[in-house]
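Dear colleague,

Please read them with the structure open beside you.

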Amino acid sequence: MNELESHLSAKALKELQSYFPQQRYSVQIADRLLYAHDASSYRIIPSGIVSPINNQEIQWLFSWASRFNHSLTFRAAGTSLSGQAVGSGLIVDCSKYWKDITVHDEGNSITVQPGCIGSKVHRNNRLLIHQ
């Protein structure tokens, strides 16, 4: 198998396709090449990309990965400088749908989902400080 071919078995791909809508997963080489890099010098082409929208889908992905002995690499809004966001398994992209910021205790603490970038968090925090 060359590096451009997906490492997903036909059965694994079929399960993935039956669980996720088509617009939230891809095994197309063009998409896989986009996710083959992060800010590091590494280039590792993943077998596919999926964008879950809730905890239930992430739990399903862990079960799926266990059944098919397939690795998951999570990718969020932060930038990796050392290759942590690339892998040959399935990329789980949490940057698209996981962007909630919840403020607690009158702004003394916040909970941030992995799709938030630092500037958005800081912008929200400045709004709280100035109120």
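β1 and strand β2 (residues 48–50) are paired in the antiparallel sense over two bridges, where two strands count as paired if DSSP finds at least two bridges between them, and where strands (E, at least two residues) and helices (H or I, at least four) are DSSP runs numbered from the N terminus. Within this pairing, Ser26 has Ile49 of β2 as its bridge partner.

This is a predicted model, in which local features need pLDDT of at least 70 and side-chain atom pairs count only at pLDDT 80 or more, while totals for chains, interfaces and linings use all residues. Residues are numbered from 1 along each chain as its sequence is written, and side-chain values use heavy atoms, with hydrogens and water left out.

Ile49 also has a bridge partner in β4, namely Ile91, and β2 and β4 pair in the parallel sense over three bridges. β3 and β4 likewise run parallel, joined by four bridges, with Val92 of β4 as the bridge partner of Phe74.

Taken together, the four strands form an open sheet of mixed pairing, in the order β1-β2-β4-β3. β1 (25–26) and β3 (72–75) stand at its edges with a single partner strand each, so one side of each has no neighbour in the sheet.

With kind regards
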